Amino acid sequence: MLLEHLAGNLIQGLVLGAIYGMATMGLSLIFGVLKVVNVGHGAFIMVGAFITLWIFNALGLNPIFSIPIAFAVGLGLGLIFYSLAIRKLLKAPELSTLLATFAIGILLEELVKLIFGSEFRGYNWVVGKINLGVTVLPVAKLYACIGSIIIALLLYLWFNRTRAGSAVRSVVEDDEGARVCGVNVGGVYALSFAIGIGLTVASGVLVTMFIPVGINPYMGGGYTLKAFVIAVLGGLSSPYGAFFGGLIFGIVENGSYTLFALIPGVEPFALTRFLSFVMLLVILLIRPTGILKAK
Amino acid sequence: MKGRFSLIAISLVVILVFIFSSSLWAASKIVIGHPACLSGKYAKAGEQALGGVKACVDWINNVYGGVKIGGKKYLIKYKYYDCESKKESVTSLIGRLITVDKVNVVFAPYSSGLTLRGAPVAESHRMLYMDHGGANNKIFRQGFRYIVQTIGPASRYHEGTLDMIHKIDPAAKRVALAYEDSEFAKMVMEGAEAHAKKLGFNIVFKRTYPKGVTDLTPLLSAFKGAKPDFILGGGHFEDGQLFNRQMADLDINVKALSLIAAATLPAFYKALTSMAEGVMGPSHWEYGVKYSESRAKKAGLPWIGPTQDGFVALFKKAIGKNIIPDYHAAEAGAQVLAYVLAAKKANSLNSDKIRAALGDLKFMSFYGGWDIDDTGLQIGHSMVDVQWQMGKRVIVWPPEGQTGKLVYPMPTFAEKAKGKLAVPR
């Protein structure tokens with residue numbers, strides 16, 4: 001029975017972890033290239049969730065179709081916010097970009113609230129379930145997991161097999177050196193910020209495919225917190241490191257529940273959170289570059 | 001010359017009359033101050049509370065004819081600010097309402113946490129602090145002297161549900177409790193556990209989950225193994241939706257599911273559609289309750305306020321939306337009525353005197369009964385249990401308040417996925 005629970009939770013954790021990873025890749029990409037900590041990260045996830053909700057309810061379209069739409073909206077938002085605010089603050093003290101992204105997050109939340117209201121919303125996309133014996137997995141969650149893996153792979157290929165990807169990697173390594181070699185560093189910044197936001201907004205779609213309820217303007221806060229832990233886990237400036245960080249986080253979060261439940265008199269959920277942050281501290285202390293990145 | 005003198009004299013008289021009358025006007029207002037949750041996580045409940053207060057203020061001013069105190073007629077003015085559902089805003093806004101706006105009474109914001117946060121500020125100003133959205137009994141165990149509750153206490157939320165299942169299915173003995181790790185929800189769980197044990201139920205699962213949880217799968221998988229007959233749980237709106245949705249995802253079927261705070265709101269069904277069929281929730285008030293002037297007379301209680309339909313009409317006018325109010329609106333509105341009755345009884349606007357009058361006050365309104373104990377805890381109000389049936393909320397408990405029969409056991413999630421609705425036999 002115990003092993004059955006553990007196996008079930010690990011499978012659920014793996015699926016959730018893939019989505020957590022995808023939801024963190026944008027944060028890592030932006031930090032890696034621009035050294036900007038996007039505190040408004042969760043608000044962009046929320047935008048993706050609302051795009052899905054709107055497309056599903058108004059147009060009756062399958063949430064999978066929302067992924068490219070959300071990515072495109074995210075790209076647009078990224079370019080707008082980069083041009084209006086971030087570009088001008090890149091040389092300013094770090095606190096300025098921190099405050100700017102915080103303000104962008106609040107702006108988005110209040111704007112969405114103005115349009116959709118503060119109600120907690122949801123949609124009901126029934127596409128069946130798979131009974132794995134140890135747990136039941138809704139097909140929508142499986143699609144979300146597969147979608148995350150495909151997007152992570154595409155990002156990996158873009159990074160490693162295209163000229164634009166090489167330019168981004170060169171800026172991550174040394175922006176001055178890249179400039180000397182003729183790389184348009186300003187363009188790379190704009191592109192990276194836009195792709196980072198695009199990925200984050202698209203991850204909002206996948207989040208709702210995993211949990212299609214609780215969609216509201218302030219839903220992003222919890223995801224921002226988790227994204228920071230995952231980003232540190234995978235290496236703050238490594239987007240695919242963040243993806244694997246997400247997988248580890250999801251597995252640890254869900255799997256540890258079963259084990260903590262064996263301890264009498266404790267609330268396992270409280271301990272899973274405790275463990276997540278202990279993990280964060282340990283990684284910061286012994287391997288600050290993240291578990292997947294060389295020292 | 002004489003004409004000029006007359007003109008000056010008349011002008012002076014007009015100015016004096018204006019100043020005098022405006023000072024009279026200013027003095028004839030009772031100001032209710034409220035750090036309302038109009039944005040942030042409690043915005044939905046906050047909007048309802050705002051509408052409820054405005055509806056009853058409208059009724060007092062325009063139907064009841066204001067409040068007569070010491071032979072003088074007072075109209076009620078409602079002064080509110082958005083506290084953004086944040087604790088730090090609540091304390092500063094209460095301070096502002098008392099010291100700058102000079103309000104006569106402060107209405108607490110929504111939720112137990114925010115209510116508790118504001119209580120010491122009101123207390124330090126010896127200001128009456130009326131609680132319409134903080135159900136946690138612990139608020140009333142802190143020794144505060146100026147706080148008075150209208151919402152029913154958390155410890156009683158699931159008593160009706162347990163009584164109902166005990167009566168209709170004596171064979172159902174296995175109950176699982178899974179609540180949010182918040183002061184309010186834990187108090188509900190404490191009360192449910194005590195009542196369940198009193199009625200002879202076996203608690204086969206008891207766990208909490210953290211606030212802001214985004215995945216309940218580990219907890220729900222764990223209680224699947226406990227094979228409960230029914231589940232009581234929840235905390236606030238977002239986790240209630242998640243609870244129901246993930247039970248459906250994991251195919252966990254029980255005879256009854258009752259979730260606090262979430263299941264009674266229209267948005268719950270809107271988000272979950274058929275997955276919410278048959279799900280229940282305790283409510284402080286529901287459209288369809290049968291409180292009336294004649295019922296108050298039978299109970300030997302004074303009646304005040306609009307009828308149920310009157311309240312609904314005033315609420316719609318107040319918020320400018322064609323929606324039926326929920327219990328957040330009703331309890332906030334009933335609080336206005338309690339204050340007015342107590343102020344009249346005290347024949348004063350002094351917080352100490354009104355607090356004393358509230359202690360002796362018993363009445364009935366569209367919201368139901370109202371009575372408090374020495375600590376200010378609400379003891380006169382009974383809750384109802386509602387169930388989603390064919391997309392509508394139906395009052396299924398207590399028997400004397402039923403608007404429909406309980407669907408028990410509720411349809412399984414597989415049946416609901418195929419479109420089966422909770423239809424009473």
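Modeller: In chain B, 69% of the contacts with a separation of 6 or more are between residues 24 or more positions apart; two residues are in contact if their C-beta atoms, placed from the backbone, lie within 7 Å. This is a predicted model, in which local features need pLDDT of at least 70 and side-chain atom pairs count only at pLDDT 80 or more, while totals for chains, interfaces and linings use all residues. Residues are numbered from 1 along each chain as its sequence is written, and chains are lettered from A and ligands numbered from 1 in the order in which they are written.

Of the 425 residues in chain B, 57% are buried; a residue is buried if 20 or more other C-beta atoms lie within 10 Å of its own, exposed if 12 or fewer, and partly exposed in between, with C-beta atoms placed from the backbone. The C-alpha trace of chain B spans about 100 × 40 × 35 Å along its principal axes.

Chain B contains 14 helices and 15 strands. Helices (H or I, at least four residues) and strands (E, at least two) are DSSP runs, numbered from the N terminus. Six strands of chain B make an open sheet with mixed pairing, in the order β2-β3-β1-β4-β5-β6; two strands pair if DSSP finds at least two bridges between them. At the edges of this sheet are β2 (67–69) and β6 (147–149) of chain B, each pairing on one side only. On average, neighbouring strands of the sheet are turned by 30 degrees against each other, direction ignored. Strand β5 (residues 129–131) of chain B pairs with β6(B) in the parallel sense over three bridges, and Tyr129(B) stands opposite Ile147(B) in β6(B).

Helix α3 (residues 87–99) of chain B lies across β1 (29–36), β3 (72–82) and β4 (105–107) of chain B, and runs at about 170 degrees to β1(B). Axes here are lines fitted to C-alpha atoms, for helices over the stretch in contact, and angles run from 0 to 180 degrees between N-to-C directions.

The contact between the chains takes 33 residues from chain B and 32 residues from chain A. On the side of chain B that touches chain A, at least two residues each come from α2 (43–62), β8 (202–209), α7 (217–225), α8 (237–249) and α9 (266–272) of chain B. The residues of that side divide into 14 nonpolar, 10 polar and nine charged, where Ala, Val, Leu, Ile, Met, Phe, Trp, Tyr, Cys and Pro count as nonpolar, Asp, Glu, Lys and Arg as charged, and the others, Gly among them, as polar.

Of its 295 residues, 53% count as buried. The C-alpha atoms of chain A fill a box of roughly 60 × 50 × 35 Å along the principal axes. In chain A, 78% of the contacts between residues at least 6 apart in sequence join residues at least 24 apart.
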